[in-house]
Amino acid sequence: YCDYYSSSEFYAPTSLTLSSTAYTYNGKVRKPTVKVKDSRGKTISSAYYSVSYSTGCKNVGKYNVTVKFKDVYSDFKSITKTFTINPKSTSVSKLSAGSKKFTVKWKKLTTQTTGYQIQYSTSKKFSGAKTVTVKKNSTTSSTVKKLKAKKTYYVRVRTYKTVSGKKYYSSWSKAKSIKTK
């Protein structure tokens, strides 16, 4: 008879990695898988910890994943990581030019969306870009005025949702260009 544990060395669990830290809202519950490593960088078997998630994990917002250790690792503190679920992105459906202005229309998204942001710039890389916030998710167009005449502007749109005072953003739509009159 020999005591298995006496000859084994255990290294402190030091890192928790999530399979993803950001998701896009799709109406389904999102729960990233976890990987725990010890101070030597070796993966710790899932037999030595339990994983718990914040309630919900479906709507736009921030959620916690907590790993609580057990057995030979039970003396170690639990580790918590967060991940976010962001709103779905929209796309520019139409851009029309006016005199020193343009009007942008986009696809309406009301599920898990508070409003939209329009970003425009004379640079393809959006350096020095200006952003306009549209506070209603039922609005699907906006006119940007006081621009330079006969200048090409690059325009893109994204959605956002406010949860407990914090804004969560979708990725930007593909940029479209328009030349003002």
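**Entry 1: a charged pair**

I looked up aspartate 38 and arginine 40 and found their side chains joined in a salt bridge, at 3.8 Å from N to O. The term stands for a side-chain nitrogen of Lys or Arg within 4 Å of a carboxyl oxygen of Asp or Glu. The structure holds one salt bridge. Aspartate 38 is buried at 6% relative accessible area, while arginine 40 is partly exposed at 47%. I use buried for under 20% relative accessible area, exposed for over 50% and partly exposed for in between, with a 1.4 Å probe and protein chains only.

I note that this is a predicted model, where local features need pLDDT of at least 70, side-chain atom pairs count only at pLDDT 80 or more, and totals for chains, interfaces and linings use all residues. Residues are numbered from 1 along each chain as its sequence is written, and side-chain values use heavy atoms, with hydrogens and water left out.

**Entry 2: the nonpolar cores**

I next looked up the largest nonpolar core, which has 19 residues. Such a core is a set of buried Ala, Val, Leu, Ile, Met, Phe, Trp, Tyr and Cys residues joined through side-chain atoms within 4.5 Å. Val34, Val36, Tyr49, Val67, Phe69 and Phe83 have the most contacts inside it. Two or more residues each come from strand 1 (13-18), strand 3 (34-38), strand 5 (61-69) and strand 6 (79-86). Strands are DSSP runs of E, at least two residues long, numbered from the N terminus. Strand 5 gives the largest share, four residues. Apart from this core lies another, of 16 residues, including Val92, Val134, Val157 and Ile178.

**Entry 3: two positive phi values**

I found a phi near 55° at cysteine 57, a positive value in a residue other than glycine. Cysteine 57 is in the loop between strand 4 (49-53) and strand 5, and is buried at 0% relative accessibility. Lysine 146, also not a glycine, has a positive phi of about 60°. Lysine 146 is in the loop between strand 11 (141-144) and strand 12 (152-163), and is exposed at 84% relative accessibility.

**Entry 4: serine 99**

I located serine 99 in the loop between strand 7 (92-98) and strand 8 (101-106). Serine 99 is exposed, with a relative accessible area of 56%.
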